[in-house]
Amino acid sequence: MDLLLSEEQSMLRESAATFAERRGGGARCRARAQGGNEIDPEIWREAAEAGWLAILASEDAGGLGLGLAELCLVAEELGRALIAEPVCAAAAVARALGGTEIASSVLAGETIVVAALQEGPRAIGDEPPTAAVSGTGGALTLTGRKTGVPFAGAADRFLVPAMSDAGPILVLAGASDARPEPTMDGSTSSVLEFAAAPAEFLAGPNEAAGALSALLDALHLTTAAELLGIAEAAQDMTVEYLKTRQQFDRPIGSFQALQHRAVDNLAAIEMCRSLIRQAVRALDAGGGSPGLASAALSKCSKSALDVCKAAVQMHGGIGFTHEHDIGLYLKRALVLSARYGNSGLHRRRYAVYAEAHDRPAVAPPGPTA
């Protein structure tokens, strides 16, 4: 696998890093958790102007026609800076919208469409839908329930898989009722109720399965990339602390036990990076199974939590205070690691796809011919 970025990819990552450094940080994260806007209009406008919402959308639909590799680079930098706005999720939804009329509004940042996929607390989003549509043509109505929907309060419309007489389809709808619950990073997770809500047809049974699979791959991999960025930032912050914090007249980073823990964390981070890139390369080339995205998200969820917990512990007492930023990374990792199904659910999903193909969904490490 080619581990080097192209010139265009390097420029994209540098642009995202500059934006994240200017717009992110612990102070903004705290303000948001205390009742600020769930989606900052200025951040959303700048993300749209930078073209990030259009990364996955095809050129025919007004997008950039790039791949998951580019979107994951943006996600990683947003994770490092604790920017919680669903930029990458919106880009994934924009691709699913194809050339529809609303897609151009989404790409411009004028309309926010959120995917409402999950059927319950232990769900990933690819389960048979329980929500159902009735009616014909442009007079569809949607009835049902979706859970764990992030940013529902800021959304204009929802992309929903639903059951029709012909089978599962994708529709756009507005919720009849939303019950948001605050999460520890300042965002929300909502239960949506659709009570004969007007719906717009997007994809029929033949196209819906592929569109939903691609949407889930993008959501899972960009979430994994955000978790990677969070783990990297927590690791960097901790290593700097180990260099400067003095105990017994020497830096605590000179203690062998802490050195070993820091090295273990670095190894876990690099394993996550390698797995993400392997999954991204296969899926962008059209040859990967959905199990690849689940493998990456499962690994990154567990590793990010392990790294962030260790980072808080190695900071000592100050790491447990509200004033120190290191705890914010742990809170963000906790939210993201459960947003689209926890690590155990994705390990099971990976195993199912690997068994179905009668081979590992991810190539084992080691030299290749």
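In this predicted model, the disulfide count comes out at zero. Take Cys 72: its nearest cysteine sulfur belongs to Cys 88 and sits 7.4 Å away, and Cys 72 is in no disulfide. Since a disulfide needs two cysteine sulfur atoms within 2.5 Å, that gap rules the pair out. Cys 72 counts as buried because its relative accessibility is 5%, and buried means under 20%. Cys 308 isn't in a disulfide either, with the sulfur of Cys 272 being the nearest cysteine sulfur at 11 Å. Cys 308 is buried too, at a relative accessible area of 1%.

Next come the strands. Strand β3, covering residues 140–150, runs antiparallel to strand β2 (residues 132–134), and three bridges join them. Here Ala 132 faces Thr 143 of β3.

As for the nonpolar residues, the largest core brings together 106 of them, and Trp 52, Leu 97 and Leu 142 have the most contacts inside it. The top contributor to this core is helix α7 (residues 205–244), which puts in 15 residues. Another core, made of seven residues, lies apart from the largest one; Tyr 241, Ile 252, Ala 262 and Ala 310 are among its members.

Terms used
Residues are numbered from 1 along each chain as its sequence is written. This is a predicted model: local features need pLDDT of at least 70, side-chain atom pairs count only at pLDDT 80 or more; totals for chains, interfaces and linings use all residues. Side-chain values use heavy atoms; hydrogens and water are left out. Buried means under 20% relative accessible area, exposed over 50%, partly exposed in between (1.4 Å probe, protein chains only). Two strands pair if DSSP finds at least two bridges between them. Helices (H or I, at least four residues) and strands (E, at least two) are DSSP runs, numbered from the N terminus. A nonpolar core is a set of buried Ala, Val, Leu, Ile, Met, Phe, Trp, Tyr and Cys residues joined through side-chain atoms within 4.5 Å.
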